[in-house]
Amino acid sequence: MGSNPTPRTNTRTPGISNYGLRTPVVGEIFQVIYHLKKLGYSDSTLIPMAKRLQRLAKHVNLRNPEAVKEFIAKQNWSCGYKGNVVNAYEHFCKFYNIPFDKPKYERVDKIQKIPREEDINKIISHATPKYALAYSIIRDCGLRPIELEWLRVKDIDLDNGLLYPRTAKHGEGRVLRLKPSTLAMLKKYIQDNNLNPNDSLGFKAERVKENWIRLKKSVAKKLQQPSLKTIRLYDLRHFFGSMTYLKTKDIVYTQRLMGHRNIKNTLRYVHLVGFQNSEWICKVARNSEEASKLIEAGFEYVCTTPEGVMLFRKPK
C-alpha cells in the first residue's frame, strides 16, 4: 500500500473473482479491491464498490481527484449514492496515496413506499420456476439477494420449512419461516436438480436483481399496470420487515428477523401501521383448524364475535 504499483493486465488471481471489472483501468481497480479483500471485506461490500469505481473510470481519470469530484457533483444521483461512490473512490485514493479532499453528501432519509402483496405476487407469477422460487423466498423471509446466493441446501429444514441463512453485513444469525407454497416449490427444485446438502441453490445475486428489473417491466407492460415498474427487488425485503412489525408490534423481534445490527435500520421498515379499513382483507374462522390456516397465510387475529366466530385480517 502506498507504493503506486504498476497496473497489471492480468487480473486473474487464483481463487479470487475479478468482480466483473471490464474497464481499461481494471488492473488499478482490482488491486484496490483485492487489497480490501485481504483485509476482510466481504464480497457483498466489494462487488458494489468495484462497480462504482468502474462507473467512474468510464468517464473520468481516476488519478485526477478534482475531476472525479466535479463529475460526481454534476450527476443526477441521489445524495446517498453519491456518498457511496465517494467512499469507494476514497479507498482508491488511499491505496495509491492520492491526496483527496473528500466531499460530504448527506443521505436523505426517505421512507420508501411498500408494495402490496398482490402486486408482488403478480410479478412473481410471471417468472420462470427458478426465479419464482427465488423471489418467493425473498418475499417470505426478507433475505438480501447476497444471502440467497449464500444459501445451501443444508441451511434449510425441509421438514419444518425453516431457513438458517448466513447473515450479510455482519448481522446476527436468524431463523426464518417459508410459506407452505414456497416450501413445496423449494422441495421440487431441490429434487429436480438433484442437489446435495453442501450444494448452493444456484442463485447469483446480480442475476437475481437483473432478472427482476426485466421481469417487472415486462409484467407492467403486459398487464398495463405501470406502477409495477416502481417495485424494486429490495422492496420485497421492506415488505417482509414491515409486515413482521405490523403483525407482532415488536421492534426487537423484527430487528432479529431482518438481521440488523443497529435497530435504527429496522425503524426504516416500520411504517405500515396506518392502514385504512378499506386496505384490509377480512376472513372468518369457525374452528381452530380454520384459524391455523389463516394464521399460516399471514392473517392477524382481531376478535371473536358473540356467536363464536373468529375474525382475522391482513393488509391487501
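Helix H1 is mostly covered, ten of its 13 residues being buried (buried, under 20% relative accessible area; exposed, over 50%; partly exposed, in between; 1.4 Å probe, protein chains only). The structure is a predicted model, in which local features need pLDDT of at least 70 and side-chain atom pairs count only at pLDDT 80 or more, while totals for chains, interfaces and linings use all residues. Residues are numbered from 1 along each chain as its sequence is written, and side-chain values use heavy atoms, with hydrogens and water left out. Helices (H or I, at least four residues) and strands (E, at least two) are DSSP runs numbered from the N terminus.

H1 comprises residues 26-38 and reaches 18 Å from its first C-alpha to its last, close to the 18 Å expected at 1.5 Å a residue; the expected span is 1.5 Å times one less than the number of residues. The buried residues of H1 are Val-26, Gly-27, Glu-28, Ile-29, Phe-30, Gln-31, Val-32, Ile-33, His-35 and Leu-36. They pack against helix H2 (43-57) and helix H4 (79-95), contact meaning heavy atoms within 4.5 Å. H1 is followed by Gly-40, which has a positive phi near 105°.

H4 has 17 residues, and its end-to-end C-alpha distance of 24 Å is close to the 24 Å expected at 1.5 Å a residue. Buried in H4 are Gly-80, Lys-82, Gly-83, Val-85, Val-86, Ala-88, Tyr-89, Phe-92, Cys-93 and Phe-95. The cover over these residues includes H1, H2 and helix H3 (65-74). Just after H4, Asn-97 takes a positive phi of about 55°, although Asn-97 is not a glycine. Asn-97 lies in the loop between H4 and helix H5 (117-124).

A positive phi is also found at His-170, a non-glycine residue, with a value of about 60°. Most residues other than glycine have a negative phi. His-170 is placed in the loop between strand S2 (162-163) and strand S3 (176-177). With a relative accessible area of 61%, His-170 is exposed.

Helix H6 (residues 129-141) and helix H8 (residues 180-192) pack at an angle of about 140°, their axes being 10 Å apart. Axes are lines fitted to C-alpha atoms, for helices over the stretch in contact, and angles run from 0 to 180 degrees between N-to-C directions. H6 and H8 are therefore oblique to each other; angles under 35 degrees count as roughly parallel, over 145 as roughly antiparallel, 65 to 115 as roughly perpendicular and the rest as oblique. The contact involves Pro-129, Lys-130, Ala-132, Leu-133, Ser-136, Ile-137, Arg-139 and Asp-140 of H6, and Thr-182, Met-185, Leu-186 and Tyr-189 of H8.

Lys-283 belongs to strand S4 (residues 280-285) and is partly exposed, with a relative accessible area of 41%. Lys-283 and Phe-312 are separated by 29 residues in sequence and by 5.2 Å in space, C-alpha to C-alpha. Leaving aside residues up to four places away in sequence, Lys-283 touches Leu-294, Phe-299, Met-310, Leu-311 and Phe-312.

Taking a disulfide as a pair of cysteine sulfur atoms within 2.5 Å, the count comes to zero. Cys-93 is buried at 2% relative accessibility, whereas Cys-282 is exposed, with a relative accessible area of 59%.
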